[in-house]
Amino acid sequence: MVDYYFLGRIIREERKRLGITQEELCNDEKDLSLLSRLERDKRIPDRKTVEYFFEKLGLLIPEGSIPMTEAEYRRYCLEYELTVQLADGATETLEKLEAYKSCTPNMGRFERQFYEYHRTLYESIHGAAPEGAAHRFADALRLTLPSFRLDGDIPAEFLSKTELMILNNIARMDYQSGKKTEAIRLMRFLRDYFNSKPVDIRVKAEKYPVILFNLAGWLDMAGNIEEALQLSNEGIEFCARHGKLFYFAYHIFNTGYCLAEQGKLDEAKALFDYAFKTMELTGKHDEVLMGKKELNKLFGYDFPEK
């Protein structure tokens, strides 16, 4: 167990090891003051503050080593439950979100950001207009990145997991609302970030395949087939290394789709067959049927549609 009085020193030592200044790690004066006190052991850290700075440095969060009040522990449990629920494809998260909000009369900005992000995610899943959702995601991001603008560069060197996921969803909303160039620009930024900045490998294994999948699909639709093919192959290799069976199948499908568009129908069909078998293993029978119907229509295949 890590003594929580030393958590600030862990942050300081890792920051210095990576050659990062306090100013580079922080987004504003509020962050800078918080980090300075934390690194000098002048503040007993709360869970969300430690999580925020650990994530920006790509550190493994020392679970069980951070003092928590009863309300903080309840929020911690609800965050875990929400994450698992969404990973399982269950989208009815409103009850848990309201329980999260009601744990205390007020929320700190990190808790508020988590709540606003997931509330907007819930609304976007349940039919909110994508352009409006993009603005609400941006409002959530400004809780820790005050100078963020939807049409501007990212005003931060290092980002937390929640900040990264908000950016990912802003890109999705931009794409759905027709701002495809902006969506691709933002998704390229996320790909580059995951490859050049310190990111906890667990976070990268969870989120990077999704970023590659979306970016490859969007580039393919924009006619950049070669780059889409390259990203899909990267996704296959990454998922194979990290045991991500679910997106492994989708990247194989994307690769096949790119090859089919290039006229390599036999090579593509072998990949489609493999992707469908893998998707069946993860319970995606309906998606398999939809994929077969689409491929039969577009490329003249004879996949059984039952």
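**Exercise 1.** Determine which residues Tyr250 touches, not counting residues up to four places away in sequence.

*Solution.* Step 1: contact is taken as heavy atoms within 4.5 Å. Step 2: under the stated exclusion of residues up to four places away in sequence, Tyr250 touches Phe213, Met279, Lys284 and Glu287. Step 3: Tyr250 has its place in helix H13, residues 245-261; helices (H or I, at least four residues) and strands (E, at least two) are DSSP runs, numbered from the N terminus. Step 4: Tyr250 is buried, because its relative accessible area is 12% (buried means under 20% relative accessible area, exposed over 50%, partly exposed in between, with a 1.4 Å probe and protein chains only).

The model is a predicted one, in which local features need pLDDT of at least 70 and side-chain atom pairs count only at pLDDT 80 or more, while totals for chains, interfaces and linings use all residues. Residues are numbered from 1 along each chain as its sequence is written, and side-chain values use heavy atoms, with hydrogens and water left out.

**Exercise 2.** Decide whether Gly256 is buried or exposed, and state which residues it touches.

*Solution.* Step 1: Gly256 is found in helix H13. Step 2: the relative accessible area of Gly256 is 0%, so this residue is buried. Step 3: not counting residues up to four places away in sequence, Gly256 touches Ala268, Leu271 and Phe272. Step 4: Gly256 and Lys269 are 13 residues apart in sequence, and their C-alpha atoms are 6.9 Å apart in space.

**Exercise 3.** Find how far apart Leu219 and Ile184 are in sequence and in space, C-alpha to C-alpha.

*Solution.* Step 1: Leu219 belongs to helix H11, residues 201-221. Step 2: the separation of Leu219 and Ile184 is 35 residues in sequence and 7.6 Å in space, C-alpha to C-alpha. Step 3: Ile184 is also one of the residues that Leu219 touches, when residues up to four places away in sequence are not counted. Step 4: Leu219 counts as buried because its relative accessibility is 0%.

**Exercise 4.** Describe how the axes of helix H3 and helix H4 cross.

*Solution.* Step 1: the axes of H3 (residues 29-39) and H4 (residues 47-56) come within 12 Å and cross at roughly 95°. Axes are lines fitted to C-alpha atoms, for helices over the stretch in contact, and angles run from 0 to 180 degrees between N-to-C directions. Step 2: H3 is therefore roughly perpendicular to H4 (angles under 35 degrees count as roughly parallel, over 145 as roughly antiparallel, 65 to 115 as roughly perpendicular and the rest as oblique). Step 3: Asp31, Leu34, Leu35 and Leu38 in H3 meet Thr49, Tyr52, Phe53 and Lys56 in H4.
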